[in-house]
Amino acid sequence: MPTRAKPRFHEPLVAWYQQGHRALPWRETTDPYRLWLAEVMLQQTTVAAVLPYYQRFLAAFPTVHALAATPLPRVLELWQGLGYYRRAHLLHRCAQVVVAEHGGEFPTTEAALLKLPGLGAYTAAVVAACAFNQPTTVIDGNVLRVVARVKALTPPLTPTHKALRAAAAALCTEAPPRLYANAIMELGATVCTPTNPRCVVCPVQTHCRAFAQGNSTAYPSKVAKPPLPYKHGVAYVLRDAGGALYLRQRPATGLLGGLWEVPHTGWENTPVPPLPEAQTEAGSLTHTFTHFKLTLEVRLATVSHIPPPHRFLPSALPPLSSLMRKVLCTAGLPT
C-alpha cells in the first residue's frame with residue numbers, strides 16, 4: 001500500500017485557522033484602511049491595548065479621507081496612552097498621501113505600499129496579503145519564531161535575515177495569501193509562543209524540526225541586548241490660584257512630537273519658565289522609552305500668572321504622553 005504523502009506545510013495550518021481563531025475586528029475585513037490602521041497600532045503594542053483605540057479611531061475617522069482631513073492635534077489626542085507617538089504622525093501623513101496622490105485608494109501591490117510613509121516591509125506585506133490577497137512574505141516576531149523553530153534556524157535572527165526570509169517564503173509558496181498570513185501569525189501568537197509553546201496541539205508539528213529535536217524553546221537564538229542607559233531629571237507641575245496648569249508643546253518632530261508637557265530639566269536641554277522658590281516634592285517615577293530609562297522627580301509649585309498659550313484647566317487638557325500623565329498622577333492630579 002503506497003505511503004500517503006505528508007500534507008504541505010500550509011494545508012494543516014490553514015485548516016486549523018479556519019476551524020477557529022480569535023475574533024478580532026481587523027480579521028473580519030479586507031478593507032485596506034482598516035487593516036493598515038490595525039497594523040500600525042499593533043506595532044510594539046498588545047492586542048488587548050489596541051482594541052479600544054482601534055474602535056475609537058474608526059468611530060472618529062471611518063475612512064482614510066476623514067483621517068487625512070483631521071488636524072494632527074486631534075489624531076494625537078485620540079492616540080494618547082498608546083505610546084510610540086511617531087506612529088501617529090506617520091499614520092496621519094500616510095493618510096494624506098493616500099488621499100492626495102492615490103485618490104483615497106490604497107495601492108494594491110506590496111512594492112507600491114512600501115512607498116507610502118511609515119509602511120515598512122511587514123506592514124506592506126500584511127496589507128497586500130490580507131486586503132488584496134497578494135502573495136507576500138509576512139514576517140513579524142510571531143512568524144519569525146514559527147519559522148525559526150520549523151526550520152531549526154540557529155543564528156540570531158531579525159525579520160530581514162536572508163536565511164529566515166528564504167525559509168519563510170518557501171513555506172508559503174502555494175498557500176492562499178490572505179488565509180496563510182493570518183494563520184501563521186495566529187499560530188505564533190497563540191500556540192508557538194515564546195515560552196511554554198503548546199506543541200501537542202500544533203497543526204504543523206510534523207513539519208517542525210525543533211519539535212523533532214525536543215527543544216522548541218531553543219529557537220530562535222536570543223539576541224543579547226545591551227542594558228538601557230538611565231537618565232534623570234526634574235518635572236515641575238506649576239499651577240496658578242485658579243488651579244490651571246502650565247503646559248508647553250513639544251516640537252512637531254522627534255521624541256513625543258507635538259504633545260504637551262510640564263516644564264522639566266535634566267534629561268533634555270530645555271528652558272523652563274521662572275520658578276518660585278517655594279516648591280513641594282510630590283514623589284518620583286520611572287518611565288521606559290525605547291532607548292533609555294528615565295527617572296523624574298516631580299515638584300509642585302504655585303505661580304502668580306500663566307500666560308494663555310500655556311494655561312490649561314485639568315478638565316480640558318491637550319494631548320499628553322503617558323509620561324506626562326504619570327507626572328500629573330504623581331502630583332495628585334486627575335488625567
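How many residues lie between strand 6 and strand 7 in the hairpin that they form? There are four residues between strand 6 and strand 7 in that hairpin, and the briefing below sets it beside other parts of what is a predicted model. The protein has 13 helices and eight strands, and its C-alpha atoms fill a box of roughly 95 × 45 × 30 Å when this is taken along the principal axes. Of the 335 residues in the protein, 47% are buried.

**Overall contacts**

- When contacts between residues at least 6 apart in sequence are considered, 65% of them join residues that are at least 24 apart.

- Strand 6, which covers residues 280-288, runs antiparallel to strand 7, and eight bridges join the two.

**Helix 2 and helix 3**

- Helix 2 (residues 32-42) and helix 3 (residues 47-60) have axes that come within 10 Å and that cross at roughly 140 degrees.
- The crossing in which helix 2 passes helix 3 is right-handed.
- From helix 2, the residues that meet helix 3 are Tyr-33, Arg-34, Leu-37, Ala-38, Met-41 and Leu-42, and their counterparts in helix 3 are Val-47, Val-50, Tyr-53, Tyr-54, Phe-57 and Leu-58.
- Sorted by class, the residues in this contact of helix 2 with helix 3 comprise eleven nonpolar and one charged, with no polar residues.

**The loop between helix 2 and helix 3**

- Thr-46 has its place in the loop between helix 2 and helix 3, and with a relative accessible area of 49% Thr-46 is partly exposed.
- Although Thr-46 and Leu-82 are separated by 36 residues in sequence, they are 9.9 Å apart in space, C-alpha to C-alpha.

**Helix 9 and helix 11**

- Helix 9 (residues 141-151) packs with helix 11 (residues 177-190) at an angle of about 85 degrees, and the axes of the two are 8 Å apart.
- Helix 9 and helix 11 are therefore roughly perpendicular to each other.
- Helix 9 contributes Asn-142, Val-143, Arg-145, Val-146 and Val-147 to the contact, while helix 11 contributes Ile-184, Met-185, Leu-187, Gly-188 and Ala-189.
- By class, the residues in the contact of helix 9 with helix 11 are seven nonpolar, two polar and one charged.

- Ser-216 lies in a loop, the one between helix 12 (209-213) and strand 1 (230-239).
- Because its relative accessible area is 10%, and buried means under 20%, Ser-216 is buried.
- When residues up to four places away in sequence are not counted, Ser-216 touches Arg-149, Pro-197, Cys-199, Ala-210 and Phe-211.

Note on methods: Residues numbered from 1 in each chain as written. Predicted model: local features only at pLDDT ≥ 70, side-chain atom pairs only at ≥ 80, totals over all residues. Heavy atoms only, no water. Axes fitted to C-alpha atoms, helices over the stretch in contact; angles between N-to-C directions. Left-handed = near helix turned anticlockwise from the far one by under 90°. Contact = heavy atoms within 4.5 Å. Nonpolar A, V, L, I, M, F, W, Y, C, P; charged D, E, K, R; others polar. Parallel < 35°, antiparallel > 145°, perpendicular 65-115°, else oblique. Buried < 20%, exposed > 50% of the residue type's maximum accessible area, 1.4 Å probe, protein only. Pairing = 2+ DSSP bridges.
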